[in-house]
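I opened my notebook to record what I looked up, going one item at a time. The entries follow the order in which I checked them.

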Amino acid sequence: MRTAAWTAALVLMLDQASKYIVVHGMGLDRVGAIDLLPPWLNLRMAWNRGINFGLFSGEDEITRWVLVVVALAIALWVWLWVGRGRHLARVTVSAGLLIGGALGNVIDRLAYGAVADFLNMSLPIWQNPYSFNIADIAIFLGAAGLVLFTGEGEAKRRR
């Protein structure tokens, strides 16, 4: 459990610090865009009221609170699940990534009413219209890790 807690805490701190720097320090919410290494890496402010790629977005408060409750429920379920058994370190790290990312985006919804997305990666021949943040990366890696690594140790013990 300690590994999951430390991973979640680290992700949460990195996510919130990066959002504070780009929104309040760099004023990306006012400027809108800053090219860092065009087209490969840019900062593009996007207030996401939905889930990935703006799916299920809505301007009403009910959508915001439903997404907060769903994210908290998933984070709690993963926390309880990882705490009930013995897992490989990569499973507990994956759980921590998912939990930390989910909590980071919940804080945004509570503080701003939407998730602060700002990272944009494109190619010379293709302009990506979507932005994301560190929490999104952690959620993706955590979910992928849970799918890939859960049960890995059990399969080896059964042989």
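I began with helix 1, residues 2–25, and noted that in this predicted model helix 1 lies across strand 2 and strand 3, at about 85 degrees to strand 3. I then turned to helix 4, residues 89–112, which also packs on the sheet and touches strand 2 and strand 3, its direction making about 120 degrees with that of strand 3.

Next I looked up the sheet itself, and I found an open sheet of three strands in the order 1-2-3, with antiparallel pairing. I asked myself why one side of strand 1 and of strand 3 is left without a neighbour in the sheet. Strand 1 (33–37) and strand 3 (115–120) stand at the edges and each has a single partner strand, so one side of each has no neighbour there. I also wrote down the twist, which averages 25 degrees from one strand to the next.

For the pairing of strand 2, residues 41–48, with strand 3, I noted five bridges in the antiparallel sense.

Last, I checked the surface, where L36, L37, W40, L123, I125 and W126 make a nonpolar patch of about 700 Å². I recorded W126 as partly exposed, because its relative accessible area is 46%, and a residue counts as exposed over 50% and as buried under 20%.

Technical notes:
Residues numbered from 1 in each chain as written. Predicted model: local features only at pLDDT ≥ 70, side-chain atom pairs only at ≥ 80, totals over all residues. Heavy atoms only, no water. Pairing = 2+ DSSP bridges. Helix = DSSP H or I, 4+ residues; strand = E, 2+ residues; numbered from the N terminus. Axes fitted to C-alpha atoms, helices over the stretch in contact; angles between N-to-C directions. Contact = heavy atoms within 4.5 Å. Patch = residues over 30% accessible without salt bridge, like charges linked within 9 Å, V, L, I, M, F, W, Y side chains within 5 Å. Areas by Shrake-Rupley, 256 points an atom, 1.4 Å probe, with all protein chains shown as cover. Salt bridge = Lys/Arg side-chain N within 4 Å of Asp/Glu carboxyl O. Buried < 20%, exposed > 50% of the residue type's maximum accessible area, 1.4 Å probe, protein only.
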